[in-house]
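User: I've got a fold open on my screen and I'd like to learn how to read it. Can you walk me through it?

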Amino acid sequence: MTIREIVLSSLGKVKAEDIIDYDMKGYSPFYDEMILASVDSERQATAGVNYIKEEATKAGFQVRGIEGEQTPWVLIDLNDVIVSIFTKEERQRFALEKIYLEIPSQKIEI
């Protein structure tokens with residue numbers, strides 16, 4: 001299982017919505033992929049983080065860092081993949097999609 005598959009599976013377990021996968025190759029020297037997802041509550045975000053952390057570690061991937069645990073926006077650094085899980089309100093507030101308009105992306109349905 002790839003780290004991307006682990007992330008998407010974990011997001012599916014917490015019923016995350018509006019998942020967008022950005023191909024950051026050539027745009028960022030630090031990571032290759034960025035995944036954004038929305039959830040209804042901070043509790044849901046925490047559960048998503050826990051699933052990702054547990055499954056990634058079990059599969060032998062390194063979780064480099066987690067920022068903002070138990071807040072409306074949690075960022076997970078998985079080396080080549082960055083995952084941001086937002087509450088819906090927080091995602092609207094920051095509107096990262098507007099910043100990344102030029103970057104190739106795909107909407108993911110789980």
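Analyst: Helix α2 (residues 42–58) lies across β2, β3, β4 (73–77) and β5, at about 160° to β5. Helices (H or I, at least four residues) and strands (E, at least two) are DSSP runs numbered from the N terminus. Axes are lines fitted to C-alpha atoms, for helices over the stretch in contact, with angles from 0 to 180 degrees between N-to-C directions. This is a predicted model: local features need pLDDT of at least 70, side-chain atom pairs count only at pLDDT 80 or more, and totals for chains, interfaces and linings use all residues. Residues are numbered from 1 along each chain as its sequence is written, and side-chain values use heavy atoms, leaving out hydrogens and water.

User: In what order do the 6 strands come in the open sheet?

Analyst: Strands of a sheet pair through backbone hydrogen bonds, either parallel or antiparallel. Here the order is β3-β4-β5-β2-β1-β6, with mixed pairing; two strands pair if DSSP finds at least two bridges between them. β3 (65–67) and β6 (105–108) each have a single partner strand, so one side of each lacks a neighbour in the sheet. From one strand to the next, the twist averages 15°.

User: How many bridges join β2 to β5?

Analyst: There are 7, and β2 (residues 33–39) runs parallel to β5 (residues 81–87). M34 sits opposite I82 in β5.

User: Is I6 buried or exposed?

Analyst: Buried means under 20% relative accessible area, exposed over 50%, partly exposed in between (1.4 Å probe, protein chains only). I6, in helix α1, is buried at 3% relative accessibility.

Note on methods:
Contact means heavy atoms within 4.5 Å.
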